[in-house]
Amino acid sequence: MQSIIFGAAWFMFNILSSIMHGILWAIPGIGHLLAGLWALAAALVQIGFLIVLIIAIVKAFSGVRWDIPWVGPMARKQTEPSVP
């Protein structure tokens, strides 16, 4: 479940980043600069996602139980049986 939530967060970031890039690009005059800065920031976030993914893969193959920050607790809450 943790990987599904992490993948969905990464996918949503890509969609929102593309929308934001398009909005910034459309601003007359300074839009190209702002879109370039946004692309740089988005690239750094993408690298962060990739690093977390690689860490999760290494931990999973080594048999270590590891929760991705913010994602792990959400996934655990979704998989716990609800008590009526």
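User: How many of the 84 residues of the chain count as buried, in percent?

Analyst: Of the 84 residues, 19% count as buried. Buried means under 20% relative accessible area, exposed means over 50%, and partly exposed is in between, with a 1.4 Å probe and protein chains only. This is a predicted model, where local features need pLDDT of at least 70, side-chain atom pairs count only at pLDDT 80 or more, and totals for chains, interfaces and linings use all residues. Residues are numbered from 1 along each chain as its sequence is written, and side-chain values use heavy atoms, with hydrogens and water left out.

User: What does the chain average in pLDDT?

Analyst: The average is 90, and 98% of the residues score at least 70. pLDDT is the predictor's confidence in each residue, from 0 to 100.

User: Which elements have the lowest and the highest mean pLDDT?

Analyst: Helix 3 has the lowest, at 84, and helix 2 the highest, at 94.

User: What is the radius of gyration of the chain?

Analyst: The chain has 17 Å, whereas a compact globule of 84 residues would have a value near 12 Å. The radius is taken over C-alpha atoms, and the globule rule is 2.2 Å times the number of residues to the power 0.38. Along the principal axes, the C-alpha atoms fill a box of roughly 55 × 35 × 15 Å.

User: What span should helix 2 have, and how far apart are its end C-alpha atoms?

Analyst: Its 31 residues should span 45 Å at 1.5 Å a residue, and the end C-alpha atoms are 44 Å apart, which agrees. The expected span is 1.5 Å times one less than the number of residues. For helix 1, 24 residues should span 34 Å, and the end C-alpha atoms are 34 Å apart, which also agrees.

User: Which residues of helix 1 are buried?

Analyst: They are Gln2, Ile5, Phe6, Trp10, Phe13, Ser17 and Leu24. These residues pack against helix 2 and helix 3.

User: And which ones in helix 2?

Analyst: Gly31, Ala35, Ala42, Phe49 and Ala56 are the buried residues there. Their cover includes helix 1 (2-25).

User: Back to Ser17. What does Ser17 touch?

Analyst: Leaving out residues up to four places away in sequence, Ser17 touches Trp38 and Ala42. Contact means heavy atoms within 4.5 Å. Ser17 counts as buried because its relative accessible area is 10%.

User: How many aromatic pairs turn up in the whole structure?

Analyst: The search finds 4. One of them is Trp10 with Phe49, which is stacked, at 5.3 Å centre to centre and 10 degrees between the planes. Trp10 lies in helix 1 and Phe49 in helix 2, so the pair ties together parts that are 39 residues apart in sequence. Rings of Phe, Tyr and Trp (its six-membered ring) pair if their centres lie within 6.5 Å; planes under 30 degrees apart count as stacked, over 60 as edge-to-face and the rest as tilted.

User: Which residues do the ring pairs link into a cluster?

Analyst: Phe6, Trp10, Phe13 and Phe49.

User: Where is Gly7, and how far is Gly7 from Phe49?

Analyst: Gly7 lies in helix 1. Gly7 counts as partly exposed because its relative accessible area is 33%.

User: What is Lys59 in contact with?

Analyst: Setting aside neighbours within four places in sequence, Lys59 is in contact with Val64 and Trp66. Lys59 lies in helix 2 and is partly exposed, at 30% relative accessibility.

User: New topic: where is Trp70 found?

Analyst: Trp70 is in the loop between helix 2 (31-61) and helix 3 (71-79). Trp70 has a positive phi of about 70 degrees although it is not a glycine.

User: Is Trp70 buried or exposed?

Analyst: Trp70 counts as exposed, because its relative accessibility is 74%.

Conventions. Helices (H or I, at least four residues) and strands (E, at least two) are DSSP runs, numbered from the N terminus.
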